Amino acid sequence: MTAKQKMTPYELLLQIVIFATGFFYAFTYYVKVSTPVDLQAIADNSLAYLTAMIITAFAIGIINLTRIHYRNIKLKRPDWKFSIALLGSLYGMAIFSMISSPFQLDPQAMVIPVWLINFIQPIWSFMYYNVMISINTSIFSLLAFFIASAAFRAFKVRTLESTILLVAGLLVIIGEAPIADLIWPGFSAIQNWIMLVPNTAGQRGILIGAALSIIAFSARRMIRYS
Amino acid sequence: MLEMFPGRIGQAILLILVLCAVAIGSRLALRRKWKARAISGIDKLDSWIKHASQLNRSVFFSPGTAGVGSTDTLAALALLRYVAKLCVQNDVKLIIANADLNVQQVTEEILKNAYDEAGKSDKYNVDCVRYLSGSIFAYAAGVMGLLRRERPALNIFLGAFSAESLEVAEAGRSAALYQFGGTSSIDQLPFFLATCDLTLLAGELYAAQSYLTNDPWDISRTVGEDVGKVIAILLILAGTILISLGNEFILNLLNL
């Protein structure tokens with residue numbers, strides 16, 4: 001919204017709802033009201049609606065993924081075969097999880113036959129523990145190589161600042177190495193000083209600045225919707 | 001029956017003070033038409049988007065992996081409005097990848113509004129706003145794949161990130177010409193600084209929109225934010241001095 005524009009009735013209503021909700025939760029955080037109505041209980045219960053809304057929104061994600069990847073397959077876009085794998089995994093795992101997993105729909109086997117639950121159980125376990133967790137761990141382990149390439153780029157002597165960064169980085173790396181104390185006991189002391197004094201001071205500066213910005217940013221959002 | 005929670009009275013007084021200061025500061029800035037101080041290098045964003053248009057390549061935007069409740073995400077979404085507007089003006093394809101379902105809906109709406117405002121509603125393609133995954137490493141894998149396939153000219157990642165930030169940034173480094181990042185997460189900032197051409201550090205992320213849009217309303221809101229910060233800094237200084245002198249007035253006030 002710019003200076004020249006005025007709020008439409010819809011935006012005004014939205015602003016009132018945002019302010020009233022924010023004010024209500026702030027009020028119940030600071031003030032205890034038990035009679036005639038228990039405001040704290042109302043605030044806690046209304047959070048359950050938020051959970052319900054988030055779960056409803058989950059369907060939107062599935063619809064979005066299905067739409068995009070279905071079109072990829074239909075139009076045979078580049079790498080469309082991966083879309084088949086994605087949709088197969090998405091719906092396959094969803095169905096398997098509903099039949100036989102810690103979150104299964106029918107744990108008492110009232111509707112779903114026992115033989116089907118027993119048949120799906122090892123497949124689900126394999127897909128979850130041997131495929132999904134392994135893939136997640138692989139992606140996580142890629143970080144080691146990315147850190148190396150990012151460090152290679154960052155640790156270059158170009159300016160005075162980057163030279164200081166390089167020297168400080170090398171001292172910290174050497175100080176952290178198990179062999180450091182055998183080479184010279186001073187490395188550990190220097191590494192400790194770098195981490196505890198300049199590093200902590202810099203981090204706290206950024207942290208306090210960010211925390212103050214967050215407080216003021218949240219206050220601004222509550223006062224005026226944008 | 002009204003009853004204040006013990007230990008929260010001081011906080012309530014402080015909140016009211018900050019809210020009043022934010023409101024007064026905003027009004028003052030609006031009346032006096034103050035200008036926003038430039039953030040070093042941020043003007044390049046316009047030229048990078050124009051460059052993407054000349055190369056006929058896309059722009060990639062990631063609003064982080066947190067939900068709409070995160071202030072970093074809200075700041076990223078505010079900047080997305082500006083980026084979307086510029087991309088639509090320059091006929092550049094903007095690809096947005098989301099990790100949160102609520103953010104997905106908001107980003108769809110922002111991009112759609114940008115096309116509607118420019119009178120190009122027919123060019124809006126809903127497939128440009130994609131939900132990848134709620135799991136951070138699955139999201140990182142999705143982003144790495146998208147960057148490799150789409151080869152954007154500019155990779156923008158603003159908002160709250162965790163361990164996946166370096167994967168997004170390094171994949172972008174090898175695929176995109178330019179990188180623009182911003183977060184308030186201290187753990188991820190070194191990775192952003194090592195891989196980006198331009199990085200918004202913590203508080204800059206919240207103020208960038210005001211400078212870019214140069215809109216009096218946006219500037220007034222940032223001034224309001226800064227007034228709130230000044231109050232907090234004064235309290236920190238007063239508290240530090242008084243505690244050093246053995247006076248616990250501020251401490252007692254906040255613990256009321």
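In which sense do strand 1 of chain A and strand 1 of chain B pair, and over how many bridges? Antiparallel, over 3 bridges. The chain B strand covers residues 2–4. One position to look at is Lys32(A), which stands opposite Glu3(B). Keep in mind that this is a predicted model.

Now the wider interface. On chain A, 50 residues are in contact with 50 residues of chain B. Several elements of chain A each supply at least two residues to that side. They are helix 1 (9–30), strand 1 (31–33), helix 2 (39–74), helix 4 (114–154) and helix 8 (198–223). Helix 8 of chain A gives the largest share, 16 residues. What about class? The side of chain A that touches chain B has 31 nonpolar, 12 polar and 7 charged residues.

Next, the core. The largest nonpolar core has 84 residues. Those with the most contacts inside it are Val59(B), Val83(B), Leu94(B), Val143(B) and Leu154(B). Helix 3 of chain B, residues 71–89, contributes the largest share of this core, with 13 residues.

Last, the domains of chain A. The assignment gives domain 1 as 6–72, domain 2 as 78–154 and domain 3 as 155–226. Taken over C-alpha atoms, the centres of domain 1 and domain 3 of chain A are separated by 38 Å.

Definitions and conventions. Residues numbered from 1 in each chain as written. Chains lettered and ligands numbered in written order. Predicted model: local features only at pLDDT ≥ 70, side-chain atom pairs only at ≥ 80, totals over all residues. Core = buried A, V, L, I, M, F, W, Y, C linked by C-beta atoms within 7 Å. Buried ≥ 20, exposed ≤ 12 C-beta atoms within 10 Å, placed from the backbone. Helix = DSSP H or I, 4+ residues; strand = E, 2+ residues; numbered from the N terminus. Contact = placed C-beta atoms within 7 Å. Nonpolar A, V, L, I, M, F, W, Y, C, P; charged D, E, K, R; others polar. Pairing = 2+ DSSP bridges. Domains from an automatic or database assignment.
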